[in-house]
Amino acid sequence: EDSGTHVKPGDAEIKKTRGTLTVVADGMGGHASGEIASQMAIELISRFYYADEVNTAPEALRSAIQLAN
């Protein structure tokens, strides 16, 4: 029920400013729809992180995690 992804942007400028991103989410085994929640978490964190054009990379990651939560 866990999910994970490794994102390596194809765009050189995005890769330069944001780098690659690896996200792992624990799906809380035994709970209803844990696999759906963990998949949603990795998708949302990745999307929010790379869409943030204002914050530094660490701030964008922190914000992406909070938004996904």
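Guide: Start with the contacts in the chain: among those between residues at least 6 apart in sequence, 48% join residues at least 24 apart. Contact means heavy atoms within 4.5 Å. This is a predicted model, where local features need pLDDT of at least 70, side-chain atom pairs count only at pLDDT 80 or more, and totals for chains, interfaces and linings use all residues. Residues are numbered from 1 along each chain as its sequence is written, and side-chain values use heavy atoms, with hydrogens and water left out.

Visitor: What pattern does the chain follow along the sequence?
Guide: The pattern is β-α-β-α-α. That gives three helices and two strands. Helices (H or I, at least four residues) and strands (E, at least two) are DSSP runs, numbered from the N terminus.

Visitor: How do you know what span to expect for helix α2?
Guide: The expected span is 1.5 Å times one less than the number of residues. Helix α2 covers residues 34–51, which is 18 residues. From first C-alpha to last, α2 reaches 26 Å, close to the 26 Å expected.

Visitor: What does the side chain of Ser38 reach?
Guide: It reaches the backbone oxygen of Glu1, at 2.8 Å. A polar contact is a pair of N or O atoms within 3.5 Å; within protein, one must be able to donate a hydrogen and the other to accept it, and residues adjacent in sequence count only if both atoms are side-chain atoms.

Visitor: Which elements do the buried residues of α2 pack against?
Guide: They pack against β1 (3–7), α1 (12–18), β2 (21–25) and α3 (57–68).

Visitor: What makes a set of residues a nonpolar core?
Guide: The members are buried Ala, Val, Leu, Ile, Met, Phe, Trp, Tyr and Cys residues, joined through side-chain atoms within 4.5 Å. The largest such core here has nine residues: Leu21, Val23, Ala25, Ile42, Ile45, Tyr49, Tyr50, Ala60 and Ala64. The largest share of this core, four residues, comes from α2.

Visitor: How do you know that Tyr49 and Tyr50 are buried or exposed?
Guide: Tyr49 has a relative accessible area of 4%, so Tyr49 is buried. Tyr50 is at 19%, and therefore counts as buried.

Visitor: How many aromatic pairs are there?
Guide: Rings of Phe, Tyr and Trp (its six-membered ring) pair if their centres lie within 6.5 Å; planes under 30 degrees apart count as stacked, over 60 as edge-to-face and the rest as tilted. By this rule there is one aromatic pair. The rings of Tyr49 and Tyr50 have centres 4.9 Å apart and planes at 75 degrees, so the pair is edge-to-face.

Methods. Buried < 20%, exposed > 50% of the residue type's maximum accessible area, 1.4 Å probe, protein only.
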